[in-house]
Amino acid sequence: MKLIKKPRWAINENDVTPETVYKQRRDILKKLGITLATLPIASQAQAGIFDIFSDKKEASPALDKRIVLNATKPQQYQAPLSLTPEDKILKYNNFYEFGTDKASPAELASNFVTDPWKVEIDGMVNSPLTLDYDDLFKKFTLEERIYRLRCVEAWSMNVPWIGFPLADLIKLAAPKSDAKYVAFETLYDPKQMPGQASRRLGGGIDYPYVEGLRLDEAMNPLTLVAVGLYGKNLAPQNGAPLRLVVPWKYGFKSIKSIVRIRLTDKQPPTTWNQLAANEYGFYANVNPQVDHPRWSQASERFIGEGSLFSSRRQPTTMFNGYQEEVASLYKGMDLRKNY
Ligand SMILES: Nc1nc2c(c(=O)[nH]1)N[C@H]1C(S)=C(S)[C@@H](COP(=O)(O)O)O[C@H]1N2
Ligand SMILES: [Mo]
């Protein structure tokens, strides 16, 4: 296993076997009828016991490389939701830069380089700035927040993110008074992102992936820049080293692996809207009453414990359950027109 230097913002070494992986391995040994007692003494030597599981499938490289983060746990964001298991969040992804099927990102992004990294905040601001990799973990107070994530494809997860309010970052840049929108851009690097090098693999999207929010949506306290989940920094497939999380909007608004954040006075173009404007709007607020042209949005498949396809169905709620926090942003707007 590759050893990674301990960054200043980390609180733990990364080369400790996580308890869950340890337990999984022990369960597998049990199923195979292997107990410590039945193994020859020599093979019980610490280093050797789990060697038969040291291929890529068992010891997920993404799990191994992640580092424990130090974060506060503000009470109002510790929602009593049942969490989606970590391995599902790590292995069931939408990240078309690494292929269009759910399993591809975890495989094809495993060597994606996220350190060093640079993110520029510019446009209509008085103090443009650039953040580097370490800044993402040191410059802002990191919080753990449990949020619902609702994909436009009608599945959902509950994720314990780690990150900081986007508002903290935007305030640092000091927006000019005429700025009205925030535009986001994902890294463009076809050498590393096979979906950008092939229209077939990348789902026909014109890269880089772009997204946008109205400035008041961006400044809402719920809008998060995530740098981690489940207590560790993000794996590449989840949008390392930083991605947006806008929990009251469909998942495609939560753009991954961001390199540029630009303040502007015009509504920015957004990737899925450009691809199919009648199916994906700029707002993309979760709304059980406004169906996708090809499927209902009234309910969703919650991805929890157990098989992906036996997951329970649950009703979808307005603004994904965050109406108290965000409904006022859309007062007087026709949400059927502004889907
Ligand atoms: N750059 C980029 N960001 C992206 C996507 C993508 O394909 N490329 N997919 C989006 C979609 S459709 C969803 S549902 C979420 C999924 O995030 P997750 O894989 O961490 O669950 O990421 C969003 N951000
Ligand atoms: Mo999605």
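This is a predicted model: local features need pLDDT of at least 70, side-chain atom pairs count only at pLDDT 80 or more; totals for chains, interfaces and linings use all residues.
Residues are numbered from 1 along each chain as its sequence is written, chains are lettered from A and ligands numbered from 1 in the order in which they are written, and side-chain values use heavy atoms, with hydrogens and water left out.

**Figure 1. Overview of the protein.** The protein has ten helices and twelve strands, these being DSSP runs numbered from the N terminus (helices H or I of at least four residues, strands E of at least two). Among contacts (heavy atoms within 4.5 Å) between residues at least 6 apart in sequence, 71% join residues at least 24 apart.

Figure 2. Strand S5 spans residues 181-186, and because five of its six residues are buried, S5 is largely enclosed by the rest of the structure. Two strands are taken to pair if DSSP finds at least two bridges between them. S5 runs antiparallel to strand S6 (residues 210-214), to which five bridges join it, and tyrosine 181 has arginine 214 of S6 as its bridge partner. S5 is also antiparallel to strand S10 (residues 258-264), with six bridges between the two; alanine 183 is partnered there by arginine 262, and glutamate 185 by arginine 260.

Figure 3. Five of the seven residues of S10 are buried, so S10 is largely enclosed by the rest of the structure. Strand S1 (residues 118-123) runs parallel to S10 and is joined to it by four bridges, and glycine 123 has leucine 263 of S10 as its bridge partner. Valine 259 lies in S10 and is buried, at a relative accessible area of 17%. Although valine 259 and valine 119 are 140 residues apart in sequence, their C-alpha atoms are 4.2 Å apart in space. Not counting residues up to four places away in sequence, valine 259 touches Trp117, Lys118, Val119, Glu120, Glu185, Thr186 and Leu187.

**Figure 4. The largest nonpolar core.** In soluble globular proteins, nonpolar side chains tend to be buried together. A nonpolar core is here a set of buried Ala, Val, Leu, Ile, Met, Phe, Trp, Tyr and Cys residues joined through side-chain atoms within 4.5 Å. The largest such core holds 82 residues, of which Trp161, Leu166, Leu169, Phe184, Val227 and Trp248 touch the most other members, and strand S4 (residues 155-165) gives the most to this core, with six residues. Leaving aside neighbours within four places in sequence, leucine 169 is in contact with Ile121, Leu129, Leu131, Phe140, Phe164 and Ile261.

Figure 5. Sixteen residues are around ligand 1, and Asn93, Tyr96, Glu97, Ser254 and Lys256 come nearest, where a residue is near a molecule or strand if one of its heavy atoms lies within 4 Å of it. Polar contacts are pairs of N or O atoms within 3.5 Å; within protein, one atom must be able to donate a hydrogen and the other to accept it, and residues adjacent in sequence count only if both atoms are side-chain atoms. A polar backbone atom of tyrosine 96 is 2.8 Å from an oxygen atom of ligand 1, while an N or O atom in the side chain of glutamate 97 is 2.8 Å from a nitrogen atom of the ligand. A nitrogen atom of ligand 1 also lies 3.0 Å from a polar side-chain atom of threonine 186. Taken alone, ligand 1 exposes 540 Å², and the protein buries 98% of that.

**Figure 6. Glutamate 211 in strand S6.** Glutamate 211 is found in S6 and is buried, with a relative accessible area of 1%. The side chains of glutamate 211 and lysine 253 are joined by a polar contact of 2.7 Å.

Definitions and conventions:
Buried means under 20% relative accessible area, exposed over 50%, partly exposed in between (1.4 Å probe, protein chains only). Accessible areas come from the Shrake-Rupley method with a 1.4 Å probe; for residues, only the protein chains shown count as cover.
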